[in-house]
Amino acid sequence: MSNIIQMEKFAKDIRKETLKMLLNRGFGHIGGAMSIVETLAVLYSNMKINPQDPKNLDRDFLVLSKGHAGPSLYSTLALKGFFPLETLMTLNDNGTTLPSHPDRNLTPGIDMTTGSLGQGISAAVGITLGLLRDGSERQVYCIVGDGELNEGQCWEAIQFAAHFKLTNFTLFVDNNKKQLDGTTTEICETFSILEKLRSFGFHSMQVKGDSVGEIETALKGDNFGKPKAIVLDTIKGQGIKYFEDLKANHHVRFNDEMKGVLLWEIQNFENGDEEAENE
C-alpha cells in the first residue's frame, strides 16, 4: 500500500472516530475539527513520536492553537496508540482525560494546553526556540485557524520566528473561511494570508487542504532557510457534505436530522472498511 493510500485511509479513520465521538456527546465543534483531518493524518504519518513515551524530549511537537478542534486530534492520538479508542467516548464527561480543548496535563500526546485563540503560535515559537538553545533540532508544528489570525499576538510570534530563523518551525493555517459568528470576510477581511506570511519572512505556500499528497509534499519540501507556513485551502465541515453546507457549523448541538446524517456517514465509513478487508 502506497504512503498516500495509507494516509488517505488514516484520514478516513480519524474522521470516522471523530464523528462517532461527537455523535455520542450530542454536540461539539464539528466544523473546525473536520477541516484539519487530512493535515493531522499527514503530520502523524511523518512526525517522530512515541505513543509509549509521549513526553520523550527526542520527539516532534504539535501545538493545536485552534484548540476547539481537539476532537479530531484526540481521534488521531487514539488511532496512533496513545490511549484506547474507547476513551474517545468520554469526551467532555466529568473527570475525563479528554476535555473540550486540549490539556497537556490530562491527555497523553498533547504537547501544549490550548484554547485561548491567538496564543498557540507564541507557545509553539517558544518551544522551538527552547529546543534550539538546548541543541535539539526536533520539528515543531502549529495549526491555527484563519479567524484566529485576527489576533495581533499571532503576527508578533510570526515575526519573531522569522527574525530568529526558526527553520524547524512549521505553521499550518486552516483557511476554512469561517469563524464562530460568520465568514472571515464579514468579520474582519484577511486579505491574502499567503502574501502576509511571505512578507513576515516565512517560506509560504498554499495547498488543497483535503489532499494528503499536496500537504505532505509541502511538509517535506525545502524551507530555504526560513520557518515554513502552509496555508490550507479548506472547507469548514470538510468531508461531510451536510455540515459543509450548514451555515452555523462552528459548534453544533445535533438535532434528530443531524444525528441521522452522522450515523449514516459513520456507517458508510464502516462499510467501506469492510469492503477493503474483503478485497
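In this predicted model, five strands make up an open sheet with parallel pairing, arranged in the order β2-β3-β4-β6-β5. The edges are taken by β2 (61-64) and β5 (203-208); each has a single partner strand, so one side of each lacks a neighbour in the sheet. From one strand to the next, the twist averages 20°. Strands of a sheet pair through backbone hydrogen bonds, in either a parallel or an antiparallel manner.

Within this sheet, the pairing of β3 with β4 can be followed in detail. Strand β3 (residues 140-145) and strand β4 (residues 169-175) run parallel and are joined by six bridges.

Helix α5 lies across β2, β3 and β4, and runs at about 170° to β3.

Helix α5 also packs against another helix. Residues 120-133 form α5 and residues 152-163 form α6; the two pack at an angle of about 20°, and their axes are 8 Å apart. Because angles under 35 degrees count as roughly parallel, α5 is described as roughly parallel to α6. The crossing in which α5 passes α6 is left-handed. On the α5 side, the contact is made by I121, S122, V125 and L129. Helix α6 contributes Q153, C154, A157, I158, F160 and A161.

Technical notes: Residues are numbered from 1 along each chain as its sequence is written. This is a predicted model: local features need pLDDT of at least 70, side-chain atom pairs count only at pLDDT 80 or more; totals for chains, interfaces and linings use all residues. Side-chain values use heavy atoms; hydrogens and water are left out. Axes are lines fitted to C-alpha atoms, for helices over the stretch in contact, and angles run from 0 to 180 degrees between N-to-C directions. Helices (H or I, at least four residues) and strands (E, at least two) are DSSP runs, numbered from the N terminus. Angles under 35 degrees count as roughly parallel, over 145 as roughly antiparallel, 65 to 115 as roughly perpendicular and the rest as oblique. A crossing is left-handed if the near helix is turned anticlockwise from the far one by less than a right angle, and right-handed if clockwise. Contact means heavy atoms within 4.5 Å. Two strands pair if DSSP finds at least two bridges between them.
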